[in-house]
Amino acid sequence: MSASRSFSVTLTDDLANLVREKVAAGEYASASEVISDGLAALRERDRAVEDWLTARVGPAYDRMMQDPSAAIPADDLRRLLSEGSAGTEAGR
């Protein structure tokens with residue numbers, strides 16, 4: 001277990017109530033555990049976004065810059081998305 005440090009934060013009423021509810025329901029032993037778990041989830045989400053940007057967005061941008069004529073116009077992309085077929089066309 002890593003070292004811990006006391007830290008004071010201010011939460012909105014809604015978030016403070018959510019923390020209290022999680023502890024009262026027995027999902028967590030303390031408010032600190034709720035906050036720690038939430039921050040761990042945030043860290044994981046940030047990593048997932050970074051991985052997606054690196055693995056998918058960056059290479060797609062590079063491909064588009066190499067051949068801008070292969071880009072899909074925004075109106076066409078909206079149509080494809082609304083039709084549910086973007087996975088085949090937009091994923092080039």
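Predicted model: local features only at pLDDT ≥ 70, side-chain atom pairs only at ≥ 80, totals over all residues.
**Entry 1: the helices**

I began with helix α1, which covers residues 13-24, and looked up whether its length fits its number of residues. At 1.5 Å a residue, its twelve residues should span 16 Å, and because its end C-alpha atoms are 16 Å apart, I noted that the two values agree. Just after α1, I found G26 with a positive phi of about 85 degrees.

I then repeated the check on helix α2, residues 31-66, where 36 residues at 1.5 Å each should span 52 Å. Where does α2 bend? I located the bend at L53, and its angle is about 40 degrees.

**Entry 2: the salt bridges**

D46 and R45 form another salt bridge through their side chains, at 3.6 Å from N to O. Here I noted that D46 is partly exposed at 40% relative accessible area, whereas R45 reaches 52% and therefore counts as exposed, the cut-off being over 50%.

The next pair was R78 and D75, whose closest N and O atoms are 2.8 Å apart. Both residues belong to helix α3, residues 74-83, and because they are three residues apart in that helix, about one helical turn separates them. I set beside this the general point that an α-helix has 3.6 residues a turn, so residues three or four places apart point the same way. Are these two partners buried or exposed? R78 is exposed, with a relative accessible area of 54%, and D75 also counts as exposed, at 58%.

**Entry 3: E33 and L81**

Last, I looked up E33, which lies in helix α2 and is partly exposed, with a relative accessible area of 40%. I then asked what distance separates the C-alpha atoms of E33 and L81. The answer I recorded is 40 Å, for two residues that are 48 residues apart along the chain.

Note on methods. Residues numbered from 1 in each chain as written. Heavy atoms only, no water. Salt bridge = Lys/Arg side-chain N within 4 Å of Asp/Glu carboxyl O. Buried < 20%, exposed > 50% of the residue type's maximum accessible area, 1.4 Å probe, protein only. Helix = DSSP H or I, 4+ residues; strand = E, 2+ residues; numbered from the N terminus. Expected span 1.5 Å × (residues − 1). Bend = angle between axes of the 7 residues up to and from the residue.
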